[in-house]
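Please examine the structure shown below. The paragraphs that follow lead through its surface, its core and its side-chain pairs.

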Amino acid sequence: MSPRPPASAKAATPAAPVVFEPEFLAAMRQLTEELISFNKVLGLQLVSITPEECQARMAMKPELIGHFSYQRIHGGAISAALDAMGGVAVMAAMAAKHMDEPVLQRMQRFARLGTIDLRVDFLRQGIGEAFHIKAQVLRLGSRVASTRMEFLGEDGTLLSTGAAAYIVS
């Protein structure tokens, strides 16, 4: 029986972090903020896009009110924002796996992306001037991706959480 190699010999060199080029980020902003009409209604604005986490901001506006007495955001607006950002996170994770392809080719990979399951837990009332949304991909498979999302108040208070599955092929 031969001796085991030292643990340091087994350790793989960490891969360089993926940094998206400005053209990809611009295309993602255009898709998310302009081409998807409902995201325009929500006022969703991307803040950051990385393969590890995507973030957006959403300002409160009269069209999003769900309870007029409290000026509380509608649960449907929260759900839609979480779903949209889960999708953005999946797109970023998919794109990171294909950095050798041109931007347009990577963007075309998203054509079949769709939500197949969404769960939202409303933890606190959504009252405020603006909200932040964060999304991460937990697993990106060849057919399905799983995500986790957070809907936060402007002060960082967790208001709602989401988990979703997306078809990617």
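**From surface patch to core and charged pairs**

Leu35 counts as exposed, because its relative accessibility is 55%; with a 1.4 Å probe and protein chains only, exposed means over 50% relative accessible area, buried under 20%, and partly exposed in between. This is a predicted model, in which local features need pLDDT of at least 70 and side-chain atom pairs count only at pLDDT 80 or more, whereas totals for chains, interfaces and linings use all residues. Residues are numbered from 1 along each chain as its sequence is written, and side-chain values use heavy atoms, with hydrogens and water left out.

Leu35 lies in helix α2; helices (H or I, at least four residues) and strands (E, at least two) are DSSP runs, numbered from the N terminus. Together with Ile36, Phe38 and Val41, Leu35 makes a nonpolar surface patch of about 360 Å². Patches consist of residues with over 30% relative accessible area and no salt bridge, with like charges joined within 9 Å and nonpolar side chains (Val, Leu, Ile, Met, Phe, Trp, Tyr) within 5 Å. The accessible areas come from the Shrake-Rupley method with a 1.4 Å probe, and for residues only the protein chains shown count as cover.

In soluble globular proteins, nonpolar side chains tend to be buried together. Here the largest nonpolar core has 43 residues, of which Met58, Ile73, Met85, Ile133 and Phe151 touch the most other members. Such a core is a set of buried Ala, Val, Leu, Ile, Met, Phe, Trp, Tyr and Cys residues joined through side-chain atoms within 4.5 Å. The elements that give two or more residues to this core include helices α2 (22-35), α4 (75-96) and α5 (103-108), as well as strands β1 (44-49), β2 (54-59), β6 (130-140), β7 (144-153) and β8 (158-167). The largest share, 15 residues, comes from α4. Leaving aside residues up to four places away in sequence, Ile133 touches, among others, Leu44, Met58, Ala81, Met85 and Phe151, where contact means heavy atoms within 4.5 Å. Arg57 is also one of the residues that Ile133 touches.

A search of the whole structure finds two aromatic pairs. One of them joins Phe20 and Phe24, which are tilted, at 4.6 Å centre to centre and 40 degrees between the planes. Rings of Phe, Tyr and Trp (its six-membered ring) pair if their centres lie within 6.5 Å; planes under 30 degrees apart count as stacked, over 60 as edge-to-face and the rest as tilted. Both Phe20 and Phe24 are buried.

Side chains of opposite charge can pair when their charged atoms come close. Four salt bridges are found in the whole structure, each a side-chain nitrogen of Lys or Arg within 4 Å of a carboxyl oxygen of Asp or Glu. In one of them, Arg57 pairs with Glu154, the closest N and O atoms being 3.4 Å apart. This pair links distant parts of the chain, since Arg57 is in strand β2 and Glu154 in the loop between β7 and β8, 97 residues apart. Arg57 is partly exposed at 27% relative accessibility, and Glu154 is partly exposed at 44%.

Glu101, in the loop between α4 and α5, forms a salt bridge with Arg109 (2.6 Å, N to O). Glu101 counts as buried because its relative accessibility is 12%, whereas Arg109 is partly exposed at 32%. Not counting residues up to four places away in sequence, Glu101 touches Arg106 and Arg109. Another salt bridge joins Arg119 and Asp121, with the closest N and O atoms 2.7 Å apart. Arg119 is exposed at 51% relative accessibility, and Asp121 is partly exposed at 27%.
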